[in-house]
Amino acid sequence: MGLFSFLKKNKEKVEHVTGPYLEIDSEKCKGEKCARCVSVCPNNAFIIEEGKVALKEYYTCRNCRMCVGVCPNHAILII
């Protein structure tokens, strides 16, 4: 085994990061009427589309869970 033998090994690519992520229950979410999660998020991870709240992309959320604490309808779930 040589000094740079680690370069020869085949490494698997990670295509998707697993871990906790947010899911928004569209039936419970009041969207534009409430929008507390949009205003409190320090990472600007939420947008309002067609009157409902949605995540921009899964990687913008840093799992600080501030949105879960301010949601009066319990529409945001951590999975």
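Predicted model: local features only at pLDDT ≥ 70, side-chain atom pairs only at ≥ 80, totals over all residues.
Biologist: Is Thr60 buried or exposed, and what is its relative accessible area?

Modeller: Thr60 sits in the loop between β3 (52–55) and α2 (66–70). Because buried means under 20% relative accessible area, Thr60 counts as buried, its value being 17%.

Biologist: Which residue has its backbone oxygen 2.7 Å from a polar atom of the Thr60 side chain?

Modeller: Apart from its neighbours within four places in sequence, Thr60 is in contact with Asn43 and Ala45. The backbone oxygen that lies 2.7 Å from a polar atom of the Thr60 side chain, however, is that of Glu57.

Biologist: How many Å apart in space are Asn43 and Thr60, C-alpha to C-alpha?

Modeller: Asn43 lies in the loop between α1 (36–40) and β2 (46–49), and it is partly exposed, with a relative accessible area of 31%. Leaving aside neighbours within four places in sequence, Asn43 is in contact with Thr60 and Arg62. Asn43 and Thr60 are 17 residues apart in sequence, while their C-alpha to C-alpha separation in space is 6.6 Å.

Biologist: What is the phi of Asn63, which is not a glycine?

Modeller: Most residues other than glycine have a negative phi. Asn63 is found in the loop between β3 and α2 and counts as partly exposed at 26% relative accessibility. Its phi is positive although Asn63 is not a glycine, at about 60 degrees.

Biologist: And what is the phi of Ala35, likewise not a glycine?

Modeller: Ala35 is placed in the loop between β1 (22–24) and α1, and it counts as buried at 18% relative accessibility. Its phi is positive too, at about 55 degrees.

Biologist: Which residues form a nonpolar patch on the surface together with Ile79?

Modeller: Ile79 is in the segment after β4 (76–78) and is partly exposed, with a relative accessible area of 45%. The patch has about 280 Å² of accessible area together, and the residues that form it with Ile79 are Tyr21 and Leu77.

Key. Residues numbered from 1 in each chain as written. Heavy atoms only, no water. Patch = residues over 30% accessible without salt bridge, like charges linked within 9 Å, V, L, I, M, F, W, Y side chains within 5 Å. Areas by Shrake-Rupley, 256 points an atom, 1.4 Å probe, with all protein chains shown as cover. Salt bridge = Lys/Arg side-chain N within 4 Å of Asp/Glu carboxyl O. Helix = DSSP H or I, 4+ residues; strand = E, 2+ residues; numbered from the N terminus. Buried < 20%, exposed > 50% of the residue type's maximum accessible area, 1.4 Å probe, protein only. Polar contact = N/O pair within 3.5 Å; in protein donor to acceptor, adjacent residues only side chain to side chain. Contact = heavy atoms within 4.5 Å.
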